[in-house]
Structure formats: structure tokens, C-alpha cells
Amino acid sequence: MPQAAYINMPVTDLDRAITFFAKLGFEHNPQFTNDETAAIVISDHLRVMLHTHESLTRFTRKTIVDAKQATEVLLALQLESREAVDSLFTRAIQAGASEYRDTEDYGFMYGRSFEDLDGHLWEPFWMDPDQKPED
């Protein structure tokens, strides 16, 4: 069983991206950071590795897509409450992100969606696993 997940993503301006994620409340780990890569701690088991495009090409032979033009992944983060979802979303917007989709509220599940500075899509959400949706 994996002990942690590392999401590797390209960014156009590494310093700007580090600042953006700090404004969201995520820790930057300088131990795993250099001029081309930065480690962002999302949780004990989830890290985001920000790469310059040149850095990421060392790990893939595929074309690095422009996330403002195409979607490769949708990054959904389960949070502990609706308030935590709104808080993260608000910090993201204040840090320069843009709302991607309208708020979704199904009672048992609540989510927001934003596009980060490089076009990556993030969806913080809360879900009550003990509550079943109504038919």
C-alpha cells in the first residue's frame, strides 16, 4: 500500500506558484526544492511537486499540455467540512485563481471548483459518508 502520493505538475513561474500555494495555507518544503522544482505539502500523505516545463520533461516523453487549454487531471481534495471547502476556495480566489464551475450542494456532498494560476483544476469538497443521497 502506498505511503504517500506525489502529484507532479508543470508551472510557468515556479516562484509565483510557490507563493500561490502558500496563500492557500499549504506548506512549502524547501528540502525538496531547487531552481526547477518545488515540493508543496498538501497533507501527511499528499504532496504536489511543482516543475518548470524543462524539469518535467526529464520524467516524460509526452507533450506537456497547457492546462489553460486542455485538461489532463482534475484534482479533488476531500476536506473536513463545508466551511473548510469555502475557506480554501476563498483563499484560492484571493490568491489569483478563478472559479471554474458553480458551487455544487447535494446535501450529503458539497464542492467548489477553481482553476489555479497555470490552469490546473482543483475541486475541494466535503462529503458525509454516513448520509445517503435521496432518490
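Guide: Strands (E, at least two residues) are DSSP runs, numbered from the N terminus, as are helices (H or I, at least four residues). Two strands pair if DSSP finds at least two bridges between them. This is a predicted model: local features need pLDDT of at least 70, side-chain atom pairs count only at pLDDT 80 or more, and totals for chains, interfaces and linings use all residues. Residues are numbered from 1 along each chain as its sequence is written, and side-chain values use heavy atoms, with hydrogens and water left out.

Visitor: Which residue in E3 does Glu27 stand opposite?

Guide: Glu27 faces Val41 in E3. Strand E2 (residues 27–29) and E3 run antiparallel, joined by 3 bridges.

Visitor: How many bridges join E3 to strand E4?

Guide: There are 6, and E3 and E4 (residues 46–51) run antiparallel. Ala39 stands opposite Met49 in E4, and a hairpin of 2 residues links E3 to E4.

Visitor: Why is strand E3 largely enclosed by the rest of the structure?

Guide: Buried means under 20% relative accessible area, exposed over 50%, and partly exposed in between (1.4 Å probe, protein chains only). In E3 (residues 37–43), 6 of the 7 residues are buried, so the strand is largely enclosed.

Visitor: Is His51 buried or exposed?

Guide: His51, in strand E4, counts as buried because its relative accessibility is 3%.

Visitor: With which side chain does the His51 side chain make a polar contact?

Guide: A polar contact is a pair of N or O atoms within 3.5 Å; within protein, one must be able to donate a hydrogen and the other to accept it, and residues adjacent in sequence count only if both atoms are side-chain atoms. Here the partner is the side chain of Asn8, at 2.8 Å.
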